[in-house]
Amino acid sequence: MKDKDLKNLYQQIILDHNRHPRHCEITPDANLQQRGVNHSCGDDYILYIKTKKDTIEKISFTGTGCALSKASASILTDVLEGKSVVTGKKQAETFISYFTTNKKSGLDKNLAVFEGVKKYPARVKCATLIWHTFLEATKKVY
């Protein structure tokens, strides 16, 4: 697949998650809840996590924000649901460090859609907000 085709595919995936976000709902029996706000862009989300033992049994979000932050929240819920909290934290740390270091690659295939964001430093906060929110929510317990 050509770079241009891959870029278009990634843009389509982000737009699809923005238009049709997955797990965009309140989880009433969540035992972890955390708000994340990006004042520079207006992104404002609440992340709901229901854990059983060390497993993320259900994860969802509500709120509003730009297409990039909403797509990131939607993809986070898809990627982390059913995984252990420890695995989720490692994945979140890897995702965030990709944008804050000089790493050339290393994103999970499900998260590779965000590689282009690295070229736009002002948008990194949008892509990583929900991942920081996840880490903040889980550090209270795990």
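**Fold and helix packing**

I read the elements from the N terminus on, and they run α-β-β-β-α-α-α. That comes to four helices and three strands. I keep in mind that this is a predicted model.

Next I looked up the overall dimensions. The C-alpha trace spans about 45 × 25 × 25 Å along its principal axes. I then checked the radius of gyration against the globule rule. For 142 residues, a compact globule would have a value near 14 Å, and the protein has 14 Å, so the two agree.

I turned to burial and contacts. Buried residues account for 42% of the 142 residues. I took the contacts between residues at least 6 apart in sequence, and 59% of these join residues at least 24 apart.

Then I went to one helix pair. How do α3 and α4 pack? Helix α3 covers residues 85-100 and helix α4 covers residues 121-139. Their axes lie 9 Å apart, at an angle of about 150 degrees. Angles over 145 degrees count as roughly antiparallel, and α3 and α4 are therefore roughly antiparallel to each other. I noted the crossing of α3 past α4 as left-handed.

Which residues meet there? On the α3 side I listed Val85, Gly88, Lys89, Gln91, Ala92, Glu93, Phe95, Ile96 and Phe99. They meet Val124, Ala127, Thr128, Trp131, His132, Phe134, Leu135, Thr138 and Lys139 in α4. I sorted the residues of this contact by type: ten are nonpolar, five polar and three charged.

Notes
Residues numbered from 1 in each chain as written. Predicted model: local features only at pLDDT ≥ 70, side-chain atom pairs only at ≥ 80, totals over all residues. Heavy atoms only, no water. Axes fitted to C-alpha atoms, helices over the stretch in contact; angles between N-to-C directions. Helix = DSSP H or I, 4+ residues; strand = E, 2+ residues; numbered from the N terminus. Parallel < 35°, antiparallel > 145°, perpendicular 65-115°, else oblique. Left-handed = near helix turned anticlockwise from the far one by under 90°. Contact = heavy atoms within 4.5 Å. Nonpolar A, V, L, I, M, F, W, Y, C, P; charged D, E, K, R; others polar. Rg over C-alpha atoms; globule rule 2.2 N^0.38 Å. Buried < 20%, exposed > 50% of the residue type's maximum accessible area, 1.4 Å probe, protein only.
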